[in-house]
Amino acid sequence: MLIVLNLGDGPKRFSELRELLHHVTPKVLTYTLRGMERDGLLTRTVFAEVPPRVEYELTPLGHSLRPVMEPITTWAEEHVDEVLSLRKAHDTRSAEEFAG
């Protein structure tokens with residue numbers, strides 16, 4: 001989902017995606033990009049340069065996901081504080097149960 005949202009504005013290099021998705025390891029990002037390419041959601045273009053430049057871009061099918069994901073993104077932005085608060089409360093209860 002984050003890759004689709006980040007590629008919605010245009011093509012990006014691997015390093016740009018990695019920077020935007022700083023919590024995702026390079027291995028997981030590579031695996032995910034390959035799967036999305038296989039599914040027809042994005043294209044991978046290699047430019048004959050030294051060093052080689054690779055860009056990822058959404059296909060029309062990939063772009064068709066954006067309208068579906070935008071309400072989810074809005075919901076997440078509106079509820080992030082509540083979710084984080086509930087997560088913290090849950091973790092505190094779990095730690096107390098484990099200790100007790």
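Guide: Start with burial: buried means under 20% relative accessible area, exposed means over 50%, and partly exposed lies in between (1.4 Å probe, protein chains only). This is a predicted model, where local features need pLDDT of at least 70, side-chain atom pairs count only at pLDDT 80 or more, and totals for chains, interfaces and linings use all residues. Residues are numbered from 1 along each chain as its sequence is written, and side-chain values use heavy atoms, with hydrogens and water left out.

Visitor: Is Glu70 buried, exposed or partly exposed?

Guide: Glu70 has 41% relative accessibility, so it counts as partly exposed.

Visitor: What makes a salt bridge, and how many are there?

Guide: A side-chain nitrogen of Lys or Arg must lie within 4 Å of a carboxyl oxygen of Asp or Glu. The count here is three. In one of them, Arg66 meets Glu70 at 3.9 Å, N to O. These two sit four residues apart in helix α5 (residues 66-99), so about one helical turn separates them.

Visitor: Which residues do shared partners join into one network?

Guide: Glu49, Arg53 and Glu55. Glu49 and Arg53 have their closest N and O atoms 3.0 Å apart. Arg53 and Glu55 meet at 2.8 Å, and both are buried.

Visitor: How do I read strands and their pairing?

Guide: Helices (H or I, at least four residues) and strands (E, at least two) are DSSP runs, numbered from the N terminus. Two strands pair if DSSP finds at least two bridges between them. Strand β2 (residues 42-47) runs antiparallel to β3, with six bridges. Phe47 has Arg53 as its bridge partner.

Visitor: Where does Arg13 stand?

Guide: Opposite Glu55 in β3.
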